[in-house]
Amino acid sequence: MSDGLIRCSWRGMAGDPLYEAYHDQDWGVPERSSEALWEKLVLDGFQAGLAWITILRKREGFRTAFAGFDPEIVARFGETDRARLLADAGIVRSAAKIDAAISSARIFVDMREAGVDFSDFLWGFTGGRPIQTFAEGPQDVPAETPLSREIAAALRARGFRFVGPVIVYAFMQAVGMVNDHLVTCHRHGPVLEMGR
């Protein structure tokens with residue numbers, strides 16, 4: 001790679017500045033903001049069946065379309081907003097995923113009004129601390145785990161959609177609930193320290 005850094009061996013990342021920046025700055029960093037966690041869960045839902053880079057390239061379009069991912073605003077989206085989103089080429093125009101995103105905002109707001117903090121709810125599954133892994137290669141990184149299946153079931157029980165165990169595990173990796181940077185990656189050590 002041109003900068004000489006050793007990174008996780010994601011297909012298509014090498015030499016892509018946007019993808020490399022996401023890997024180096026965001027992926028695996030423990031996220032504690034409830035709103036930021038909700039945004040990432042929504043984006044991972046939109047990724048279903050697609051490559052993450054597709055979502056990453058449309059991320060700003062999603063932020064614009066979904067009112068900066070303010071769940072209070074998105075929870076009030078109606079048919080006019082839904083039609084606007086379905087016509088927006090800056091996002092993934094899937095009716096099922098758009099409906100799931102709007103519904104999830106309403107669930108997020110309902111949880112908060114019931115005294116359930118979304119961040120505390122999610123991090124409660126890991127005891128509030130990131131799970132540290134020491135994978136040497138991509139073959140050592142699972143697509144899902146018993147814990148991702150448990151969290152997926154808990155999210156589905158609350159009404160969330162597009163939250164299967166594979167999507168949830170990708171979400172857990174992205175928001176630092178699990179550190180799956182390969183041990184050879186320049187980010188493994190720094191992310192490990194963030195979780196101590």
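Modeller: The discussion below takes up a helix, a loop residue and a helix pair.

Modeller: This is a predicted model, in which local features need pLDDT of at least 70 and side-chain atom pairs count only at pLDDT 80 or more, while totals for chains, interfaces and linings use all residues. Residues are numbered from 1 along each chain as its sequence is written, and side-chain values use heavy atoms, with hydrogens and water left out.

Colleague: Which residues of H1 are buried?

Modeller: Helices are DSSP runs of H or I with at least four residues, numbered from the N terminus. Buried means under 20% relative accessible area, exposed over 50%, and partly exposed in between, with a 1.4 Å probe and protein chains only. In H1, the buried residues are Tyr19, Glu20, Tyr22, His23 and Asp24. Their cover includes H2, helix H3 (52–57), helix H4 (59–65) and helix H10 (165–174).

Colleague: What does Asp24 touch?

Modeller: Contact means heavy atoms within 4.5 Å. Leaving aside residues up to four places away in sequence, Asp24 touches Leu5, Arg7, His186 and Arg187. Asp24 counts as buried because its relative accessible area is 15%. A polar contact is a pair of N or O atoms within 3.5 Å; within protein, one must be able to donate a hydrogen and the other to accept it, and residues adjacent in sequence count only if both atoms are side-chain atoms. The side chains of Asp24 and His186 form such a contact at 3.0 Å.

Colleague: Which residue caps the N-terminal end of H1?

Modeller: Asp16 does, with a side-chain oxygen 3.1 Å from the backbone nitrogen of Leu18.

Colleague: Where does Ser33 lie?

Modeller: Ser33 is in the loop between helix H1 (17–25) and helix H2 (34–47). With a relative accessible area of 30%, Ser33 is partly exposed. Its side chain reaches the backbone nitrogen of Ala36 at 3.2 Å. The C-alpha atoms of Ser33 and Ser119 are separated by 6.3 Å, although these residues are 86 apart along the chain.

Colleague: At what angle do helix H6 and helix H7 pack?

Modeller: Axes are lines fitted to C-alpha atoms, for helices over the stretch in contact, and angles run from 0 to 180 degrees between N-to-C directions. Helix H6 (residues 79–86) and helix H7 (residues 95–113) pack at about 135 degrees, their axes 10 Å apart. H6 is therefore oblique to H7; angles under 35 degrees count as roughly parallel, over 145 as roughly antiparallel, 65 to 115 as roughly perpendicular and the rest as oblique.

Colleague: Which residues in H6 and H7 meet?

Modeller: Arg82, Leu85 and Leu86 in H6 meet Ala95, Ile98, Asp99 and Ile102 in H7.

Note on methods: Helix = DSSP H or I, 4+ residues; strand = E, 2+ residues; numbered from the N terminus.
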